[in-house]
Amino acid sequence: MSEKANKQTARQTEKTGGLEIEEEPRFQRRSWQAERVAWLIMAALIVAALSGIFGDGPLSHAESMDAAGTLRVSYERFARLNAPLRLEVRVLTPRAGELRLWLSRAYLDHTQVESISPPPERVAVSADQLVYFFRVTDAAAPLDIDFHLMAEQVGQLRGQAGTESSAPVSFQSFIFP
Amino acid sequence: MGTVWRAAAMYLFLVLIFRVCGRRVLAQITTFDLVLVLIISEAAQQAMIGNDFSMTTALLAIVTLVGIDVALSLWKQRFQKLNRWLDGLPLVLVENGLPFAERLRMARVDESDILTAARQLQGLERMEQIKYAVLERSGGISIIPL
């Protein structure tokens with residue numbers, strides 16, 4: 001064994017009086033400091049999560065409305081991959097007869113539609129939109145249509161929605177992995 | 001392939017988390033420590049595998065985890081410092097019957113934990129009979145009697 005290694009073992013055995021053990025008080029202290037810092041980070045993460053940074057919270061809930069006030073989309077600014085994602089569309093001034101609600105394919109192509117409540121009568125497909133047809137019997141009250149989706153792609157997801165009588169309403173969600 | 005990345009990310013994250021939450025949890029001293037470890041394993045598995053029920057994914061995830069484990073152990077052989085950072089170092093808690101109060105506090109170990117270990121491992125009755133009590137890297141406490 002080299003001289004240096006000999007001296008090192010001798011120094012350590014002297015410290016703990018006969019116990020041959022690898023101990024480094026300075027490393028241990030730095031280790032504990034790092035531990036405490038990590039705890040602060042964990043606490044910050046929990047607070048951030050509760051506030052909605054990762055979805056489902058006050059910071060995450062958002063609403064988009066068109067200028068005329070006929071269509072309102074409630075969505076989550078932040079969501080997670082393979083987790084439920086909800087889009088609540090409220091048609092504030094419906095007309096009796098047929099309601100044509102369109103959603104951009106840029107959004108729908110990267111999500112899986114789990115269910116639409118109420119279910120549409122039929123769906124029409126075009127290159128950049130999916131049009132959902134609903135039959136409206138009672139035009140007195142605002143209509144709520146809920147899309148239960150599941151995000152399938154990480155990153156920024158931009159979408160638009162509109163009816164035949166409203167301007168497009170934009171919304172976007174950032175999907176965490 | 002997604003599974004490989006997720007398994008790797010999960011492994012590294014868990015190494016970090018267990019380094020930070022303290023060694024005693026891994027040693028499963030209380031029943032709740034065991035419950036905690038079980039719940040953590042459930043949460044980790046769900047994210048790693050997801051909806052994929054194929055044998056291929058399971059095998060790939062396992063191979064990735066074991067592969068990283070082997071790679072880290074080889075790397076540790078070369079760089080001693082990595083050994084310390086990943087596994088920690090043993091810590092002497094009691095010397096000749098006298099506990100180091102500061103160390104006990106920072107390591108979040110009670111005197112009763114040490115006495116429990118002394119009874120279980122060496123059949124000792126009192127702190128004065130302990131020559132050395134060491135908090136090992138695994139989180140267990142080893143006792144050397146007088």
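**Close-up 1. Lys76(B), a buried lysine with a salt-bridge partner**. In this predicted model, Lys76(B) sits at 17% relative accessibility and so counts as buried, the cut-off being under 20%. Its partner in a salt bridge is Asp87(B), with the closest N and O atoms 2.9 Å apart. The two come from distant parts of the chain, eleven residues apart: Lys76(B) belongs to helix α4 (residues 55-78) of chain B and Asp87(B) to helix α5 (residues 80-87). Asp87(B) itself is partly exposed, at 28% relative accessible area.

**Close-up 2. Where chain A meets chain B**. Here 17 residues of chain A touch 18 residues of chain B. Together the chains bury about 1,900 Å², and carbon and sulfur atoms account for 62% of that. On the chain A side, Glu22(A), Phe27(A) and Trp32(A) give up the most area to chain B, together 30% of what that side buries. As for confidence, the model scores ipTM 0.82 and pTM 0.79, while chain B has a mean pLDDT of 89, with 100% of its residues at 70 or more.

**Close-up 3. The salt bridge across the interface**. Look for Glu35(A) and Arg108(B), whose closest N and O atoms are 3.5 Å apart. That's the one salt bridge found between chain A and chain B. By class, the side of chain A that touches chain B is made up of seven nonpolar, five polar and five charged residues.

**Close-up 4. Ser31(A) reaching a chain B arginine**. Ser31(A) is part of helix α2 (residues 25-51) of chain A, and it's buried, with a relative accessible area of 9%. Its side chain makes a polar contact with the side chain of Arg19(B), at 3.4 Å.

**Close-up 5. A salt bridge within chain A**. Glu63(A) pairs with Arg72(A), the closest N and O atoms being 4.0 Å apart. Both ends are partly exposed: Glu63(A) has a relative accessible area of 47%, and Arg72(A) has 24%.

**Close-up 6. Glu125(B) and Arg126(B), paired in chain B**. These two side chains form a salt bridge at 3.7 Å, N to O. Glu125(B) counts as exposed, with 63% relative accessibility, whereas Arg126(B) is partly exposed at 43%. Elsewhere, salt bridges with shared partners tie Glu35(A), Arg36(A) and Arg108(B) into one network. Over all chains, the whole structure holds 17 salt bridges.

How values were computed. Residues numbered from 1 in each chain as written. Chains lettered and ligands numbered in written order. Predicted model: local features only at pLDDT ≥ 70, side-chain atom pairs only at ≥ 80, totals over all residues. Heavy atoms only, no water. Contact = heavy atoms within 4.5 Å. Buried area = accessible area lost by both parts, 1.4 Å probe. Nonpolar A, V, L, I, M, F, W, Y, C, P; charged D, E, K, R; others polar. pLDDT = per-residue confidence, 0-100. Helix = DSSP H or I, 4+ residues; strand = E, 2+ residues; numbered from the N terminus. Buried < 20%, exposed > 50% of the residue type's maximum accessible area, 1.4 Å probe, protein only. Polar contact = N/O pair within 3.5 Å; in protein donor to acceptor, adjacent residues only side chain to side chain.
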